[in-house]
Structure formats: C-alpha cells, structure tokens
Amino acid sequence: MALKPGRKLQPSRSRRPQIFKNPKAAFALALIFMDALLVALIIAYVPYTKIDWDAYMSQVTGFLGGERDYTNLKGDTGPLVYPAGFLYIYSAIRFITGGEVYPAQILFGILYIINLSIVIFIYVKTEVLPWWALILLSLSKRVHSIFVLRLFNDCFAMTLLHAALATILYQKWHLGLILFSGAVSIKMNVLLYAPPLLLLMLKAMNIYGVISALACAALVQILAGLPFLVSHPIAYISRAFNLGRVFIHFWSVNFKFIPEPVFVSKQFAISLLIAHLGLLATFAHYKWCRHEGRLFKFLHSKVTSALSSSSSSGLKILKEEHIMTTLFAGNFIGIVCARSLHYQFYSWYVLLLHYQFYSWYFYSLPYLLWKTHFPTSLRLILFVGVEFCWNVYPSNNYSSALLLCLHLLILWGLWSAQSEYPYVEEKLSTRKKEK
C-alpha cells in the first residue's frame, strides 16, 4: 500500500537494538561504564599499597633467568607457592609494563572490568536477581582494592574461573574444565569449586564424557608445569601445591575469637575438614540430588550405566540456575569451613584462608542471598554485614564472630530454600549437549 503524501515512514520497533528491550541488560551496561569510571578515579587518586608486587617481580625474574627449581624462586615475602600459571601470567605482565606499578594498575583495572562484565553476564543469564540488585556487585571497597591497589594474582585466577562458569552455562564442559584448570594453575584456591563441579558433570554427561573432561583439565596442569616437572618435579609439586601451609592467627578474619592454641591445632583443622566434607555430602544428598532420588541412588545409576556401556545414558541439559546455585553454594560451604578467612583466601585444602581472598566469594554473595527465602531487607543487611566485617582491619573477636554468624545464617537460608528442578528436559538430548 502506498504512503500518503507528507507521511513519514516510522522506524519499526523490531529494528531497535535488542539490548534496549531488556532493562536489566541496559542497566548492566550502565553499571559497567560507571564502575570503569570509578576504577579510573581509584587508580588516579588513591595511593597504591605495596604488598606482594616486588615479590612477584623477583620470582618472575628468577624464572625468566632460567631457574626451574621452585625452591630457588623467592621474593621479599618468601618462597614462590603458586603453580606455574602464575609465572606465565606475571611474566607477560612484566613484559607489558616493564615491572612498573602504574601501567600494571591500568592493566588490572581493565581486568577488573572484564571480570565484572563476565559476572554480570552470569547474573543476567540466570535471572536470579532483580535488575537493581546488580549494583551490589560494584559496591565492595575491598574487591576494588584487591584488583587495582594490590595487583594480586587472585584477580587473574578469579577472572578465568568466572569465564569457566560462563562457558559451563552453555553446557561446554570440556572448554569449561580447561579454563577452570587454567585458573587452578594460577592459584589453587579455585579447587573449592571442584566437588560441586564434578557432581554437575556427572549429571550432565556420561562417565566417559566426565573422564575426558577431567583428562583435559589434567593435561592443562601437566603442560603448565612441564618445564618444572621434567627438571625438579618434587620441588614443584611440594611448593606449588602445598597442602600444609599455616598462617598467623593474628590475621584471621573469621576465627579470630578462637584461642590461638586451638586455632593452630591439627585437631581444629581436621574438625573443619570433616565439617566441610559433611556439609558437601549433606547438600549433595538432600538438595542437589533431590530430584535424582538422593546422592547414593544417583551415583549407583551412573555406575550401572557405565558398566552397561550405555553411550547415551545420562546426557542431559542442566538448567543454568541449577548450575550456578550448586557451584556457588559448594564454594560457599568451603568458605564457611575454612580455618581462617584471612585477608587472602585459602580453603581447608591448605588449611586456612588469607585476607584478600574475600573476592573468591564476594561475587557469589548477591546470588546466594537471593536464593534464600529471606526478605529483601534482610538480604541487604547480610550483604552489608559481610562487607563490614571484611573492612575491619585488623579483625577482632567481635568482627570475626559476627562474620561467622552471618555465614552460618546465609548457609541456613540456602539449606531451607526450595530446590529447583535441575534439568531443562527429562528426555535425552544430544543437540546442545557436548558429548
């Protein structure tokens, strides 16, 4: 039909960019832009805090000089205790920045925005939070400091981890395991995600798919550590994957109220390890495998299908919300049972946590809070309370006891929440599923 004279053709609404049709996505882009400005201001006006940078550069210098014995790679703060991926990352940073702090801060600022973008993508895709609550992801003073004022290796490990989680949302398990293993090669704290991740792989793939995905992850570790494994294997494994490190009681954030003789005792560490494993088993049995007939029935079915050589058995597409709920909750259980949340982060695998690793579960906090049945006001109070405890420096008996209570309350909220059905479809599917 011809247009009448003088009448202008109106643009079709369907031609608008898809982003403007999704208020949450538009708000997310605005949030990323505003946080980028904030990061730029922090770099420009807030003094850098010298902690580990010189030690990192000393360790990298030794590596670039040809040293392959981990016992000889040291810095101002002590010997190198991270896997080989750390050396490759910081060697690249040294090459780009010349070892100077200011250009490194700019690089870490860009990394912060990349990491934030990945995390926001995960939140938008899972649709657990209301759009306005995404701003919580940008409100942590401590996390901003970790990235652009401390330049810790946690930042790269965390970004790779979140990239792995985003990949897994698309059921790309092999690629997700490769990225996950890459994160472990930078800092082994990522292993807190390993138990729930293994359970999800067993749900999504048959046993042969799980084995091949684990083989990909193992191959990453072998290739990363190869220069050291062929020359000084014992030194590399004992230093890079040290399971017995113990930090100082004074710096504890969550168990400062525990008397020091108890805190440093082996019995206390073993008790927390038992609690960690028990909580993981309990959540797996009653929450994560509820719709499969509980954990033991589910594992029995997987073993039976493997023995029967059924190549298609168990190939299912998991819901995105179930994937993230299981992974975030499993990691949080490890946080609750860590002997010491220092201002870095270490799990029971290394027997305690250190201060700056608040970042290892900060990005999951809003998600976990909105998975509880708590009213919004209580969710916000818990979020602010946790952030407050992490900004008390040094921690004291009251702040550490408060943090533990907040953690336990969040854990109870997750336990009492309703379990979602885990599968997109009940029938076997191979169209979107990675075999």
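Residues are numbered from 1 along each chain as its sequence is written, and side-chain values use heavy atoms, without hydrogens or water. Because the model is predicted, local features need pLDDT of at least 70 and side-chain atom pairs pLDDT 80 or more, whereas totals for chains, interfaces and linings use all residues.

Asp154 belongs to helix α6 (residues 154-168); helices are DSSP runs of H or I with at least four residues, numbered from the N terminus. The relative accessible area of Asp154 is 0%, so Asp154 is buried (under 20% relative accessible area, 1.4 Å probe, protein chains only).

Helix α6 is also among the partners of the buried residues of α8, which pack against α7 (173-184), α9 (207-229), α12 (266-288), α13 (295-307) and α14 (320-336) as well. Of the 11 residues of α8 (residues 194-204), 8 are buried, so this helix is largely enclosed by the rest of the structure. Pro196, Leu197 and Lys203 are among these buried residues.

Elsewhere, the axes of α1 (residues 23-45) and α4 (residues 101-126) come within 10 Å and cross at roughly 160°, with axes fitted to C-alpha atoms over the stretch in contact and angles running from 0 to 180 degrees between N-to-C directions. The two helices are therefore roughly antiparallel (over 145 degrees).

Methods:
Parallel < 35°, antiparallel > 145°, perpendicular 65-115°, else oblique. Buried < 20%, exposed > 50% of the residue type's maximum accessible area, 1.4 Å probe, protein only. Contact = heavy atoms within 4.5 Å.
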